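The sequence and structure come before the text.

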Protein chains: 2
Amino acid sequence: MIKVAVNGYGTIGKRVASAILAQPDMTLVGVSKTSPNYEAYQAQKMGINLYVTKESLKEFEEAGIKVKGVLEDMIKEADVVVDATPNGVGAQYKQVYSSMGKRALFQGGEKANVADVSFSALCNYDEAVDKRYVRVVSCNTTGLLRTLCTLNRVSKIAKVRGTIVRRAADPKEVKKGPINSLVPDPASIPSHHAKDVNTVLKDLDIVTMAVVAPTTLMHVHLLDVTVSSPVTKEDVLSVLSSTPRILLASGKSKVSSTAEIVEVARDMGRPRNDLYELVVFEDSVSVRGNEVFLMYAVHQESIVVPENVDAIRAVSGFADGRKSIEMTNASMGIGKGYLV
Amino acid sequence: MIKVAVNGYGTIGKRVASAILAQPDMTLVGVSKTSPNYEAYQAQKMGINLYVTKESLKEFEEAGIKVKGVLEDMIKEADVVVDATPNGVGAQYKQVYSSMGKRALFQGGEKANVADVSFSALCNYDEAVDKRYVRVVSCNTTGLLRTLCTLNRVSKIAKVRGTIVRRAADPKEVKKGPINSLVPDPASIPSHHAKDVNTVLKDLDIVTMAVVAPTTLMHVHLLDVTVSSPVTKEDVLSVLSSTPRILLASGKSKVSSTAEIVEVARDMGRPRNDLYELVVFEDSVSVRGNEVFLMYAVHQESIVVPENVDAIRAVSGFADGRKSIEMTNASMGIGKGYLV
């Protein structure tokens, strides 16, 4: 059993903790939390061991939340620490993980050089095997890499040009905007997503542009992928529909927006209406000579969760990436084929 | 003096009417309205002649709005009718304009075959001279054509790939959505915008993809334009900054979103905070080999208004497009260079 600690219990941390509880080969040592908010109460209700920093002990005590110990106690018990602290904070914790001799995963908000390798399960599981520090790329980069490494199986990709329409905030984030504006973010081109894809697919010719829109549900990517030899629409749909962690939203099913995709996830009984899968709008898949066009939606809160689970196995020396992906998918009910 | 009647007094019609009142060579015969709403009251207050259909006479009378006559009376008085009725309704009115021997403009919501030529002032003014029926392309297509015909002066365009992030509704439209969703619209690729650009630039290799976002202010386009010979960023900025009807939003000025662009329009005292100009995010302009990338914002309510004014002159036989554009710009305070 791989003993896993989750440092940070926010959007990503709480989902990774739930996923670890569902794995047959992992145990959850506990999670750490800095503030005694509703998520901390919820963790306590679920019987998850809560660890806090020394400085927060009193605050949690006053809030009536029972803590198991301090952060260092949790890390000591773990084989692997999943760092799910806010952007940039992970790099500061690296010293702690390192001094305690622990393997650690970082999230995509950290710079690539925080880790030995940036990770996307379908692209480069093998590279992460037995590494000490692995960075699971961000939600948008995970979406891009999952798509590109899948399309690459149809025909080698020569060039990618893409637009990312970013969700403005997660559903729980009440202090972020915009409410009624489109915000190029960044205004400069390329956006950092292209560079981040290059941390995994090092020589790929990719340019991305990004704009933030006032929505909380999902990101949408619109891609123009030039491949090295002509392909058909059927070739593309065939590989997309047979690859786990990718779902197709058919026009026939009248799922034509991110809101309807999330409604399906709710109807499916998905925890927190999470969609670990990329959802491709089937009608958008088109081919023009060597160019493949497609649009898909990325659930920013959950798409990286199965990636974290696989990365835990990789750093723990589990060498069979295909098998890890299968185990993760089976335990979390992650599908392939059609959304409905 | 060119006598102009405006059929339809909604988002576009009321703006075209205001623009006509500002032209030294045009008079406004009047406008027609189907329902006695706040826009009709406002027109009455401004002293604009209101015409209605026979069926609406009673309704307007009951609302206390004085009408000058019926629709046919207005058309009879005019040299040119600007049709600003809802999408698809213009085609039904064509028979009326034709039977009364009038020249007419249609808007971009009509099919291209409603008119002899589709129109964008910077691209093909000459083609519209003396034509009986001209279609002013939609706001998004106007934005695309204005950009492309300007970039074409730097280096001949070989290929265009673009994403259009569409505003969901105009500020006054309270029954439209989405409120919190991204909607591929259409989900199929290419979107109709590419086809519409081809009504003016007939042989251009262009593919567009479109997604609707929950915002009311402006559209945003993200373009990847392949040109036939290498250019520099300075070449591109030079032509963009010296072309009227295009403004640059500089990073220095901290205008980094559509909301801030509209705020500048309000501060400038623009009527209805209209921005007849395309607004290019200066920091987005970048060049990579033969590819030019850029992002710009399109004010959907007003960008076509100066185009309508020029098209009125063209169908009236005014042959000098450059001069018409200058007259329109001067009368409406339309600028070039930097937004601030």
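Two residues are in contact here when heavy atoms of theirs lie within 4.5 Å. The model is predicted. By that cut-off, 44 residues from chain B and 44 residues from chain A form the contact.

**Interface**

The size of an interface is often given as the accessible area lost when the parts come together. Between chain B and chain A the buried area is about 3300 Å², and carbon and sulfur atoms give 63% of that area. In chain B, the residues that lose the most area to chain A are B:Asn180, B:Leu182 and B:Ile189, which together account for 18% of what that side buries.

The counts and one of the pairs are tabulated below.

| Item between chain B and chain A | Value |
|---|---|
| Salt bridges across the interface | 6 |
| Salt bridge of B:Arg161 and A:Glu291, N to O | 2.7 Å |
| Residue pairs in polar contact, both at pLDDT 80 or more | 19 residue pairs |

Several elements of chain B each supply at least two residues of the side that touches chain A: strand 9 (157–167), strand 10 (183–184), strand 11 (206–213), strand 12 (219–227), helix 10 (258–267), strand 15 (286–288) and strand 16 (291–298). Strand 11 of chain B gives the largest share of that side, 6 residues. By residue class, the side of chain B that touches chain A divides into 25 nonpolar, 12 polar and 7 charged residues.

**Relation of the two copies**

Which rotation superposes chain B on chain A? A rotation of 180° does so, with 0.0 Å of shift along its axis and an RMSD of 0.0 Å. The two chains therefore stand in the relation of a two-fold axis. Both copies use the same surface, as 100% of the contact residues of chain B recur in chain A.

**A sheet in chain A**

Strands of a sheet pair through backbone hydrogen bonds, either parallel or antiparallel. Chain A has an open sheet of 8 strands in the order 4-3-2-1-5-6-8-7, and the pairing is parallel. Strand 4 (69–70) and strand 7 (117–119) of chain A are at the edges; each has a single partner strand, so one side of each lacks a neighbour in the sheet.

Within chain A, strand 2 (residues 26–32) and strand 3 (residues 50–52) run parallel and are joined by 2 bridges. A:Ser32 has A:Tyr51, in strand 3 of chain A, as its bridge partner.

Definitions and conventions. Residues numbered from 1 in each chain as written. Chains lettered and ligands numbered in written order. Predicted model: local features only at pLDDT ≥ 70, side-chain atom pairs only at ≥ 80, totals over all residues. Heavy atoms only, no water. Pairing = 2+ DSSP bridges. Helix = DSSP H or I, 4+ residues; strand = E, 2+ residues; numbered from the N terminus. Buried area = accessible area lost by both parts, 1.4 Å probe. Salt bridge = Lys/Arg side-chain N within 4 Å of Asp/Glu carboxyl O. Polar contact = N/O pair within 3.5 Å; in protein donor to acceptor, adjacent residues only side chain to side chain. Nonpolar A, V, L, I, M, F, W, Y, C, P; charged D, E, K, R; others polar. Least-squares fit on C-alpha atoms with pLDDT ≥ 70 in both.
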